[in-house]
Amino acid sequence: MSEQAAAPPLAPRAARRWPSTLVTGGAITGAFILIALLSRIWTPESPTRIHMALRLKPPLAAGLLGTDPFGRDVLSMLMAGTWTSLTTALLSVLLGLLVGVALGSCAAALRGRFEEVAMRGADVIFAFPAIITAIMVTNIFGPGQATAVTAIGIFIIPVFARLARASALQIWARDFCLAAQGAGKGRLRITIEHVIPNIAGGLLVQATIQLALAILIEAGLSYLGLGLPPPTPSWGRMLNDAQTFLDTAPWLAVAPGVAIALAVLGFNLLGDGLRDLFDPRREGRR
Amino acid sequence: MLRLLLGRLGSFIVTLLAASIIVFVVLDILPGDPAAILLGTSARPDTLAALRHQLGIDRPLILQYLEWIGGALTGDLGTSITYGVPVSGLIADRLALTLPLAVLAVVISTALALFLGVMAAAFRDRGIDRAVRGFAQLGIAVPDFWIGLLLILLFSTTLNWFSAGGWSGWGNGPGRALTALILPAIALALPQAGVLTRVTRSAVLDVLEEDFIRTARAKGLDRRTALWRHALPNALLPVITILGLQFSFLVAGAVLVENVFSLPGLGRLAYLALAQRDLIVLRNVVMLLAALVILANFIVDLLYLLVDPRLRAKA
Amino acid sequence: MSLELESVFVHLEGEPPLPLIADMGFRLEDGGTLGIVGESGSGKSLLALATIGLLPGGMRAAGRILLDGRDLLALPESELCHIRGARIGMIFQEPMTTLNPVMRIGDQIAEGLLWHREIGAAAARAEALRLLDRVRMPDAARRFAFYPHELSGGQRQRVGIAIALAPGPKLLIADEPTTALDVTVQSEILDLLAELVADSAMSLILISHDLGIIAGMAERTLVMYAGTRFEEGPTETVLRHPLNPYTRGLLLAMPQRGLAAADGPDRRARRLASIPGSVPQARQLPPGCRFADRCAMIVPSCRPVEPAWRELTPGHSVRCIRAEALL
């Protein structure tokens, strides 16, 4: 339209206000982190001690959320499971982020053959769902946290590789990078000193969202028995145990699922909130 | 246009080959000696050697790989160690369950997402929009296998409408087979619908700001017609992109959901093969699952050309 | 067919509301052509959108817009859908973006016909093809099935014209129809418009920043500045003997001979003379006359109060207290 000069400004907004998603997401994730840390020093009951006399008690009959088929307190298991989920998720995302960003930023810096091969490789990796990779890796190493972290981490690499490359390419096109190159600075130095700090914000947002995803995948893996082996409590395996006793103890199937959903929701909201914080124009657009 | 299609096809084949190499390396080379794994390290050397010879793993690796690929092209995938039957038959049976399941889930999630996404965009920031966005957020957060459990709890245990699993095959009437697939498909579809709804809404909102929507309104079209007839077709491109990317998660979800509902599909087969150390089945099933994802992305590439005529012109 | 605007105001909602168009009005009779001239930001496109009820979100129009006596601003949306296209057609500025990229152009033309009239698909297509030929699209039969990206800018604008004409409106509003086109194509499109308007006895509102285009096509001219009207009269008179210093400034800034600069007191000003300063932002309108900060003929009484709109000579109105000096 030819009315650019009189184009109306965006409707006035209260400036500097924290996005509601950020607050809600931050609160939820903060609560989970606290619970995870707390579970290392205290839980209402021992999450691993078997107590056959108290097996399959409904909520409030024994413990706030009842007991599982082995008499273990569900609430304590949930708390301990928080630690399992969060640490596995964190390690996986770290793995994916470090390898992915390295790959992506090198692809952006070097271009040409390397870029092609790297991005193709990322695409191929993405064809393997984390569960499939986990199955393959378990075949070698057996189940455990290392397996889970490796499998999930590998699956996350392509996301960060693509994001890092796309964002880095935008930075490389900017004047100060061209100037630095002209002054003779090596590509590695430019990448470390200029490119990475500028893409960090976007990486943080994506990392938060991938954390949510990692929690979800980890739950699936431990449901199938591919995660941490017993007696370490994990939400996914609690759901597997609950399945056998669905008729007699339906409450067992509810709590772990709610925990998973809530944790994932919290991290997703946090990610959305961070994104809105860094780019307020997009608020209301998600 | 033909050049474009051939290019895509070439890309598809290269990716498949790369994936097959990865599968072969990770499953056949890395773990070490399958014979020792199967018989235990304390077995006698000549027994181990005999098994190695029977499995064909005493030959050069390249040869084994090429044999596998060659066999795959002719339909011979080897014999299952556990069941002793041809793997191709085993897989075909399982595929007849997993593929319809996946397709059903895609159809449900896409239909739901397109409808909800367009509604949310049309009534932006009003009650409907908020409700849809909330539903989407929830859908994304909830694990699909948990939804499966809850569905079983609700419909089987409590209401007794559906049986909680079991599969009679297509031979006994497609109706019964579909009934067995409905609950698992819904469990698979809901998280997908959550993701797709957000994408649809965002895409439609973007398109609604384009000039040609104004042209449509200036013609006299009302808001609703402009939305469904002009905005939505232009919003499909990002939706299709995400749909392709989501297929990876769909396959993962299928593995989980098949286990929840005890459905004898590919996912369950993969899991069982791992548990039984049946490497031949495992190798082929894993490859097939990866191939399905790659195929889905290839189909998405082709769909692009169908949906956006501008892409057909590019060499 | 008559269109009359009375005291039309458009504002952007907010705290406080932002006025975008103030005290606009004009009258267009059957078969007449009106040219609306103004720089970017003068509000001319918004006025067109207000007339057909397609203002962007957050903007509201007040006043009366009477089409054959019916106030369009008081009509419900469902009624407006019958008027848009069928009674008032609109052509937009950017041919690159005003067509649906995934729909064949023939279908886009036929759509208007199918929407407003009770005719079958085949009849609509035949009529659409006829229209495409009418707007002088080369090889119309073959191009009927083309997609917009397969056409040039000029060809797309022809399609835009065909789309606007299809339902048979009596009033056509053309908002900068040639601004985005190559110079060589511009005159073709303008000639086409003139011919079509004359053939169908339509009324035309031509919006442009280019005085030359207006001079060639409009019977009457209305000059807009910063959201309000500054001068209106027969085109010949407005361009040869402008009564508003702004209009005069516009004419002097034109690199063309033979217009107002040839007569009147500034004969020697054959050089390009630009108006100093720039159009004020909507939020920063000066008190009094909007043009005061840039006007060469300013006097103290220009400042405190905005001049009223008055008819100085029959059929020629102006918003300026110094207009007599230019008579």
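Predicted model: local features only at pLDDT ≥ 70, side-chain atom pairs only at ≥ 80, totals over all residues.
Which loop of chain C holds Asp68(C)? Residues are numbered from 1 along each chain as its sequence is written, and chains are lettered from A and ligands numbered from 1 in the order in which they are written.

**Figure 1. Chain B is built from 13 helices and 0 strands.** Helices (H or I, at least four residues) and strands (E, at least two) are DSSP runs, numbered from the N terminus. The element order of chain B from the N terminus is α-α-α-α-α-α-α-α-α-α-α-α-α. Along the principal axes, the C-alpha atoms of chain B fill a box of roughly 85 × 60 × 35 Å. Of the 315 residues in chain B, 43% are buried. A residue is buried if 20 or more other C-beta atoms lie within 10 Å of its own, exposed if 12 or fewer, and partly exposed in between, with C-beta atoms placed from the backbone. Residues are in contact if their C-beta atoms, placed from the backbone, lie within 7 Å. Take the contacts in chain B between residues at least 6 apart in sequence: 70% of them join residues at least 24 apart.

**Figure 2. Chain B meets chain A.** Chain B brings 40 residues to the contact and chain A brings 34 residues. On the chain B side, the elements giving two or more residues are helix 1 (2–29), helix 6 (127–141), helix 7 (144–158), helix 8 (174–208), helix 10 (223–260), helix 11 (266–275) and helix 12 (279–307) of chain B. That side of chain B comprises 32 nonpolar, 6 polar and 2 charged residues. Here Ala, Val, Leu, Ile, Met, Phe, Trp, Tyr, Cys and Pro count as nonpolar, Asp, Glu, Lys and Arg as charged, and the others, Gly among them, as polar.

**Figure 3. The largest nonpolar core holds 256 residues.** A nonpolar core is a set of buried Ala, Val, Leu, Ile, Met, Phe, Trp, Tyr and Cys residues joined through C-beta atoms within 7 Å. Ile215(A), Ala270(B), Val285(B), Val286(B) and Ala290(B) touch the most other members. Helix 10 of chain B makes the biggest contribution to this core, at 18 residues. Domain 1 (95–168) and domain 2 (241–326) of chain C both give residues to the core, so the core lies between them. Those domain bounds come from an automatic or database domain assignment. Residues up to four places away in sequence aside, Ile215(A) touches Ser85(A), Ala89(A), Ile260(A), Ala263(A), Val264(A) and Phe267(A).

**Figure 4. Ile199(A) sits in helix 7 (residues 187–223) of chain A.** Ile199(A) counts as buried because it has 22 C-beta neighbours inside 10 Å. Beyond its neighbours within four places in sequence, Ile199(A) contacts Ala164(A), Ser167(A), Ala168(A) and Ile171(A). Phe155(A) is 44 residues from Ile199(A) in sequence and 21 Å away in space, C-alpha to C-alpha.

**Figure 5. Chain C carries an open sheet of 8 strands.** The strand order is 6-7-8-3-9-10-12-11, with mixed pairing. Two strands pair if DSSP finds at least two bridges between them. Strand 6 (88–91) and strand 11 (310–313) of chain C stand at the edges; each has a single partner strand, so one side of each lacks a neighbour in the sheet. The twist averages 20° from one strand to the next. Strand 7 (residues 171–175) and strand 8 (residues 203–208) of chain C run parallel, joined by 5 bridges. Ala174(C) has Leu206(C), in strand 8 of chain C, as its bridge partner. Helix 6 (residues 153–165) of chain C lies across strand 6 and strand 7 of chain C, at about 170° to strand 6. Axes are lines fitted to C-alpha atoms, for helices over the stretch in contact, and angles run from 0 to 180 degrees between N-to-C directions.

**Figure 6. Asp68(C) and Arg136(C) have positive phi angles.** Asp68(C) lies in the loop between strand 4 (59–67) and strand 5 (70–71) of chain C. Its phi is near 50°, and it is not a glycine. Asp68(C) is partly exposed, with 13 other C-beta atoms within 10 Å. Arg136(C), also not a glycine, has a phi of about 60°. Arg136(C) is in the loop between helix 4 (121–134) and helix 5 (140–143) of chain C. With 16 other C-beta atoms within 10 Å, Arg136(C) is partly exposed.

Conventions:
Contact = placed C-beta atoms within 7 Å.
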